[in-house]
Amino acid sequence: MLKITPILCRSGKMNNYAYLLTDQASGISAVFDPSEAAPVIDECARQNICPAYILNSHHHFDHVEGNLEVKEKYGAKVMVGAYDENRIPGADVGLADGDVFCLGESKAQIICGKGHTSGHILWYFAADKALFTGDVLFNLSIGGLFEGTVEEMWGSLQRIKKLPDDTLFYPGHEYTLYGLGGIHGPAAERYALKATARLKQGLPAAPFTLGEEKICNPYLACDDLGEFYQMMGS
Ligand code: ZN
Ligand code: FE
């Protein structure tokens with residue numbers, strides 16, 4: 001089993017989430033997207049953890065800026081998408097679509113997540129029902145197109161939609177409040193209640209299941225590429 005701890009970074013600015021992942025069978029840990037080093041190192045100290053890996057979703061600075069400091073402090077190995085191998089600080093190993101990464105006994109499948117950037121990857125721990133979506137999928141919204149095309153983003157979202165409904169997803173930013181105004185209906189009301197209750201306690205709104213997201217996130221609910229083009233403003 002995988003223990004997952006969200007770590008808020010760039011609080012009040014970009015509100016990134018890094019995640020501390022521990023495979024409980026082996027005690028091996030990884031830091032997902034260390035946006036900045038200090039809050040990540042604090043959480044590692046609190047849990048008395050020395051992460052063996054850094055896992056990255058994509059090369060944007062707000063996901064990798066803590067890489068070098070965390071790598072140096074713990075001797076962590078930095079696992080990135082193959083496309084980003086030469087532009088992510090400290091990158092050691094490039095992974096491609098379909099590759100499998102083992103964190104102890106917890107296995108992640110790499111899924112190509114092109115659209116936000118050309119090298120974006122999604123990390124899918126099938127047995128743990130956990131998907132790390134970086135800047136592809138947020139609560140109630142999706143990432144902007146920095147390098148990719150509308151079709152590429154559409155393709156990545158269709159792959160996410162094929163994953164089981166009970167998969168919990170962990171996004172790269174806390175953007176939930178921005179999306180709440182634009183959704184309507186009973187499922188949306190349940191979503192809003194759950195999200196705001198968690199946020200009020202100082203917790204992330206995440207994780208939600210892909211099943212909930214497929215209904216409430218307008219970009220996942222959309223089944224028509226033409227309509228999706230319009231939503232993306234092109
Ligand atoms: Zn990004
Ligand atoms: Fe980001």
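Donors to a metal are taken here as N, O and S atoms within 2.8 Å of the metal, and because water is not among the atoms, sites may look incomplete. The views below all show a predicted model.

**View 1. The iron ion (ligand 2) and the zinc ion (ligand 1) are bridged by aspartate 135.** Four residues coordinate the iron ion (ligand 2), namely Asp62 through OD, His63 through NE2, Asp135 through OD and His173 through NE2, at 2.1 to 2.3 Å. The angles among these four donor atoms run from 84 to 166°, and the site is accordingly classed as irregular. Along the sequence, the donor residues of the iron ion (ligand 2) follow the spacing D-H-x71-D-x37-H. The iron ion (ligand 2) and the zinc ion (ligand 1) lie 3.3 Å apart, with aspartate 135 as the bridge between them. Since aspartate 62 belongs to helix α2 (residues 61-64) whereas aspartate 135 sits in the loop between β10 and β11 (137-138), the pair ties together parts of the chain that are 73 residues apart in sequence. Both aspartate 62 and aspartate 135 are buried.

**View 2. Serine 57 is placed in the loop between β4 (53-55) and α2.** With a relative accessibility of 1%, serine 57 falls under the 20% cut-off and therefore counts as buried. Its side chain takes part in a polar contact of 2.6 Å with the side chain of aspartate 33, and in another, of 2.8 Å, with the side chain of histidine 58. When neighbours within four places in sequence are left aside, the residues in contact with serine 57 are Phe32, Asp33, His63, Gly119, His120, Ile121, Trp123 and Gly134. Among these contacts, His63 is also a donor residue of the iron ion (ligand 2), through its NE2 atom.

**View 3. Strand β10 (residues 130-134) is mostly covered, with five of its five residues buried.** Strand β13 (residues 168-171), by contrast, runs parallel to β10 and is joined to it by four bridges, with leucine 168 of β13 standing opposite alanine 130.

**View 4. Six strands make up an open sheet with mixed pairing, in the order β1-β2-β3-β4-β5-β6.** Strands β1 and β6 (93-95) form the edges, each of them pairing on one side only. From one strand to the next, the twist averages 25°. Within this sheet, β3 (residues 28-32) and β4 run parallel and are joined by three bridges, and valine 31 is opposite isoleucine 54 of β4. Helix α1 (residues 37-46) lies across β1, β2 and β3 and runs at about 140° to β1, while helix α3 (residues 67-74) lies across β3, β4 and β5 (77-81) and runs at about 160° to β4.

**View 5. Arginine 10 and leucine 140 are residues other than glycine that take positive phi values.** Arginine 10, with phi near 50°, is located in the loop that runs between β1 (2-9) and β2 (16-23). Its relative accessible area of 11% is under the 20% cut-off, so arginine 10 is buried. Leucine 140, whose phi is near 70°, is in the loop between β11 and β12 (141-142).

**View 6. A cis peptide bond runs from alanine 206 to proline 207.** The omega angle of this bond is near 5°, and proline 207 is found in the loop that lies between α6 (186-200) and β14 (208-209).

Note on methods: Residues are numbered from 1 along each chain as its sequence is written. Chains are lettered from A and ligands numbered from 1 in the order in which they are written. This is a predicted model: local features need pLDDT of at least 70, side-chain atom pairs count only at pLDDT 80 or more; totals for chains, interfaces and linings use all residues. Side-chain values use heavy atoms; hydrogens and water are left out. Buried means under 20% relative accessible area, exposed over 50%, partly exposed in between (1.4 Å probe, protein chains only). Helices (H or I, at least four residues) and strands (E, at least two) are DSSP runs, numbered from the N terminus. Two strands pair if DSSP finds at least two bridges between them. Donors are N, O and S atoms within 2.8 Å of the metal (3.2 Å for Na, K and Ca); water is not among the atoms, so sites may look incomplete. Four donors count as tetrahedral if all angles lie between 85 and 135 degrees; four count as square planar and six as octahedral if opposite donors are over 155 degrees apart and all others between 65 and 115; anything else is irregular. A polar contact is a pair of N or O atoms within 3.5 Å; within protein, one must be able to donate a hydrogen and the other to accept it, and residues adjacent in sequence count only if both atoms are side-chain atoms. Contact means heavy atoms within 4.5 Å. Axes are lines fitted to C-alpha atoms, for helices over the stretch in contact, and angles run from 0 to 180 degrees between N-to-C directions.
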